[in-house]
Amino acid sequence: MTSETPSNAVYLGIDLSSRHIRSGIIDAAGNLSNFRREPHHFYRSNIDGRALADRLLTIAKQTVAELDAPLGGIGIGFPGLVNHTTQRVVRMPNTPSLAEIDLHQEFVEAFNVPVVFENNTNAATVAEMKFGGAQNVGDFLYVRIGHGVGAGLVLDGRLRRGKSGYAGEIGHMNVDPEGLECSCGSRGCLETICSAHNIVRRTHARLERDKTSVLSEFEKHDKDFTYDDIIEAAHNGDDLALLMMNRTGHFIGMVVADMINMLNLSMVVVAGNTAARSLLLPAIADEAKRRSFAEAYSDCEFIAAQLASEAGVIGAGILAQQAAR
Ligand SMILES: [Zn+2]
């Protein structure tokens, strides 16, 4: 804590994800309050970076105005590449113009407290390490499956960011050389198969051959189904939905096996949609077992993340608190 940071200071955490902006206040003990979730659709349309920046500044100002304790710092998690040294968001899907704005500087000027920008999956990883299922675990991989597939890597008890902060992009590991083009410019990345959108796409393709699934009812009534509908159908025992979740887990498990062989991990944490975790976890572990050294696999425990969708906000708050020390 800096000499100016009072002991009762609280920290603002913001988590920008594909569909929502979540925000909240963390106190020194990690308690979350003032939690707020606003819808947001930057994956669907090309949002102006300036508009997004202004929205984040507004949310922060509104939350801070409600505080009855001093603000000690601000942390924000972004779904893209954040340069850890310059604190610039350098690449974000569908909001490329955000990279032209020094939003970090604007936050520092507006609030006059330490401000930390981080990849949002890294922020969630920090929360799981501090308050979730990976407490006191030295070497683990946190994998989050949702609108993208992201990961946070902790080795020797420290979040590993690589040279500039771009490490952990597990969703862009290559699993199919002939696969679909990916938003990153490559082809056949894990995300082109296992992101929520692509799970829906693959399920549609499969439904053309298999009309027995409850999901074919959506098509009959000319309605779209979502990733959440597939998860619900799988929980209700629908064979096709179960198959799709299982196959998705197997693709992720292939990549996780590589990580286990490479890093001799002691834990893999599966995060993302809370209802999907119990479906994906066994499939990921099965495939990882098939494809990694038995000795390395037996060192590795597989768990579902204990924190839910508030993890990114809590992690951003923790990072802000660490920056204020
Ligand atoms: Zn990619």
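At what angle do helix 7 and helix 8 pack, and how far apart are their axes? Helix 7 (residues 227-235) packs on helix 8 at about 115°, and the axes lie 7 Å apart. Helix 7 is therefore roughly perpendicular to helix 8. Here an axis is a line fitted to C-alpha atoms, for helices over the stretch in contact, and angles run from 0 to 180 degrees between N-to-C directions. Angles under 35 degrees count as roughly parallel, over 145 as roughly antiparallel, 65 to 115 as roughly perpendicular and the rest as oblique.

**The model**

This is a predicted model, in which local features need pLDDT of at least 70 and side-chain atom pairs count only at pLDDT 80 or more, while totals for chains, interfaces and linings use all residues. Residues are numbered from 1 along each chain as its sequence is written.

The protein chain has 11 helices and 12 strands. Helices (H or I, at least four residues) and strands (E, at least two) are DSSP runs, numbered from the N terminus. The C-alpha trace spans about 65 × 50 × 35 Å along its principal axes. The radius of gyration of the chain is 20 Å, which agrees with the value near 20 Å for a compact globule of 325 residues. That radius is taken over C-alpha atoms, and the globule rule is 2.2 Å times the number of residues to the power 0.38.

Of the 325 residues, 44% count as buried. A residue is buried if 20 or more other C-beta atoms lie within 10 Å of its own, exposed if 12 or fewer, and partly exposed in between; C-beta atoms are placed from the backbone. Among contacts between residues at least 6 apart in sequence, 69% join residues at least 24 apart. Two residues are in contact if their C-beta atoms, placed from the backbone, lie within 7 Å.

**Two partners of helix 8**

Back to helix 7 and helix 8: their crossing is left-handed. A crossing is left-handed if the near helix is turned anticlockwise from the far one by less than a right angle, and right-handed if clockwise. Ile230, Ala233 and Ala234 of helix 7 meet Ala241, Leu242, Met244 and Met245 of helix 8. This contact has 7 nonpolar, no polar and no charged residues. Ala, Val, Leu, Ile, Met, Phe, Trp, Tyr, Cys and Pro count as nonpolar, Asp, Glu, Lys and Arg as charged, and the others, Gly among them, as polar.

Helix 5 (residues 196-207) also packs on helix 8 (residues 239-263), at about 135° with axes 11 Å apart. These two helices are therefore oblique to each other. Their crossing is right-handed. Helix 5 brings Ile199, Arg202, Thr203 and Arg206, and helix 8 brings Leu240, Met244 and Thr248. By class, this contact has 3 nonpolar, 2 polar and 2 charged residues.

**Single residues**

| Residue | C-beta neighbours inside 10 Å | Class |
|---|---|---|
| Asn136 | 6 neighbours | exposed |
| Asn264 | 15 neighbours | partly exposed |
| Phe35 | 14 neighbours | partly exposed |

Asn136 sits in the loop between helix 3 (120-131) and strand 8 (140-145). Its phi is near 60°, a positive value in a residue other than glycine. Asn264 lies in the loop between helix 8 and strand 11 (267-272). Phi of Asn264 is also positive, near 50°.

Phe35 belongs to strand 3 (residues 32-39). Beyond its neighbours within four places in sequence, Phe35 contacts Gly24, Glu310 and Val313. Phe35 and Ile14 are 21 residues apart in sequence and 9.7 Å apart in space, C-alpha to C-alpha.
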